[in-house]
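Here's a quick briefing to read with the structure open beside you. Have a look at the model, then work through the topics in order.

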Amino acid sequence: MGYNISCIQNLTRYIKNRVTEHQEEPARYVFRNEFFVDLVLSICKRAEKMILDQYRMFREDNDPILYLEKKRNEYYSIFQKCCHGSTSAVIFGEIICQKLKEPIEQSVYKKTARDLTDEMRSNCSSLNGNRSNMEKHILKTLAEEKDFDKYISYIHNPRDHIKSFIRGEVSRYNTDKFSVSVLPKMKGNIKLLQQMIMRAARESTEHVQENRGDAGLWLKRFTQQLSDELIFSEKDLSGVKHDDVEDFNLLEEMIREELTAVMSNISRRFNTTTFPVHLDYKFRPDELLIDQFCQCCWVQCPFCKATCTNTIENHDGDHSVPFHRVTGLNGCIYHKTTNLAISVCTSAVASNLSFYPTDSNDAVLWREYRTAGEKFATWSITPDLSELPYWKWFVCRFQKDLEKYYSNTFEGMGKIPEEWNNYTEQDAFDSLDKYI
């Protein structure tokens, strides 16, 4: 029957084993019990939508009660026609259309999802460029919402945050543009598919008549012509008796009549709620966009958490970013202090300042950061003065939140320069134009 409580127990056990393995490695910290609980809750929350969707699809495909309930009207309609003395061609035509209903719906929804994805890549300003362009929009949204927890999510879990952002953009676009864009696309795809099916039926009838074939030959020809567009084959009609079907013109006319009803039913049920629900998870517009935007490098700078901008995952060469951030955003402190650092990586590597790698008690000079371990050695941080005022504005706006979150302060060496307080939200927005 799919999901049960043991799934969560297995997941919890797996997480616990991974945490235990990690604790056996040398480190300067120890996890509290509360950390394990928070970690499990966080992972479950991130996976909740996927688990619920997979469970629903599994039940719809495998629960006999749901399956029979779904087939009830279909079988009853066929039974009625038998009772009324309908010919074999009429009954066979209805069975074919009933079997086509699900493949048609999946094809229409998938095609509409692809069309919508392409449209959003062109018309939606946050989705019509590369990942850097999207992050510019994310940073503007975060500044407008002024939600510190969302900032922390973006800083420490950028991939998850971007996925969530894409899902939000797609949901909003679907809702706002449903009647003017989504619905017309779906109706257009239904019309094209209906025309293709009827063309296949006509050609199959002509083929059988020319070759003096039977219903088996008609069905083989019909399914072959639909194979490129629909997941539908002769096997879907195995066990359905059709030896006595002789009037293929009547069969074709019956398919035309029933197909119109099937298409009308799909159109009526199409709305902002059913659109994502009836699509396989991997074919949804948000998942298609996530796949396009997230097949890239996600390694973060060990100092400031800026994400490498290379478009290839597991790429050769060093990681790099055009703009690093204030290192205090990641909780970095100055050597022998509890002061959160206000240095930007590109200026810090030109200084005589030192830092502590997380797995060592020995201080390392910033300018020799590559000697601090593998995660530092794979980064190319060029000494310069390039920086985004955005992050200076952020530090000033959320100073108290950052100090509370990292249990350290922007004091002493980390005292925020007075001029940083002059940056406005608009200055932060304007600086993002350098981002792409």
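Start with Asp53: setting aside neighbours within four places in sequence, Asp53 touches Tyr281 and Arg284. Keep in mind that this is a predicted model. Asp53 itself belongs to helix 2, residues 33–62. Buried or exposed, then, for Asp53? It's buried, because its relative accessible area is 11%, and the cut-off for buried is under 20%.

**Aromatic residues**

- The count of aromatic pairs in the model comes to 16.
- One of them joins Tyr390 and Trp393, a tilted pair with 5.9 Å between ring centres and 55 degrees between the planes.
- Both Tyr390 and Trp393 sit in helix 15 (residues 389–397), three residues apart, or about one turn of the helix.
- Tyr390 counts as buried because its relative accessibility is 0%, and Trp393 is buried too, at 6%.
- Phe394 and Phe398 make another tilted pair, with centres 5.1 Å apart and planes at 40 degrees.
- Phe394 and Phe398 are both buried.
- Which residues make up the aromatic cluster? Phe148, Tyr151, Tyr390, Trp391, Trp393, Phe394, Phe398, Tyr405 and Tyr406 come together as one cluster.

- Ala428 is part of helix 17, which covers residues 425–431.
- With 0% relative accessibility, Ala428 counts as buried.
- How far apart are Ala428 and Leu139 in sequence and in space? They're 289 residues apart along the chain, yet their C-alpha atoms are 9.3 Å apart.

**Charges over rings**

- Lys110 places its charged end over the ring of Phe283, 4.3 Å from the ring centre.
- Arg131 lies over the face of Trp298, with 4.4 Å to the ring centre.

**Helix 8 against helix 9**

- Two packed helices are described by the angle and the distance between their axes.
- For helix 8 (residues 178–211) and helix 9 (residues 215–226), the axes come within 9 Å and cross at roughly 145 degrees.
- The crossing of helix 8 past helix 9 is right-handed.
- On the helix 8 side, the contact includes Met196, Ile197, Ala200, Ala201, Glu203 and His207.
- On the helix 9 side, it is made by Leu217, Trp218, Arg221, Phe222, Gln225 and Leu226.
- By type, the residues in this contact of helix 8 with helix 9 split into nine nonpolar, five polar and two charged.

**Positive phi values**

- Most residues other than glycine have a negative phi.
- Lys146 has a positive phi, near 55 degrees, and it isn't a glycine.
- Lys146 is in the loop between helix 5 (131–145) and helix 6 (148–156).
- Lys146 is partly exposed, because its relative accessible area is 31%, and that class runs between the 20% and 50% cut-offs.
- Ser407 also isn't a glycine, and its phi is positive at about 55 degrees.
- Where does Ser407 lie? It's in the loop between helix 16 (399–406) and helix 17 (425–431).
- Ser407 is exposed, with a relative accessible area of 61%.

Methods: Residues are numbered from 1 along each chain as its sequence is written. This is a predicted model: local features need pLDDT of at least 70, side-chain atom pairs count only at pLDDT 80 or more; totals for chains, interfaces and linings use all residues. Side-chain values use heavy atoms; hydrogens and water are left out. Axes are lines fitted to C-alpha atoms, for helices over the stretch in contact, and angles run from 0 to 180 degrees between N-to-C directions. Helices (H or I, at least four residues) and strands (E, at least two) are DSSP runs, numbered from the N terminus. A crossing is left-handed if the near helix is turned anticlockwise from the far one by less than a right angle, and right-handed if clockwise. Contact means heavy atoms within 4.5 Å. Ala, Val, Leu, Ile, Met, Phe, Trp, Tyr, Cys and Pro count as nonpolar, Asp, Glu, Lys and Arg as charged, and the others, Gly among them, as polar. Buried means under 20% relative accessible area, exposed over 50%, partly exposed in between (1.4 Å probe, protein chains only). Rings of Phe, Tyr and Trp (its six-membered ring) pair if their centres lie within 6.5 Å; planes under 30 degrees apart count as stacked, over 60 as edge-to-face and the rest as tilted. A charge sits over a ring if NZ of Lys or CZ of Arg is within 6 Å of the ring centre and within 35 degrees of the ring normal.
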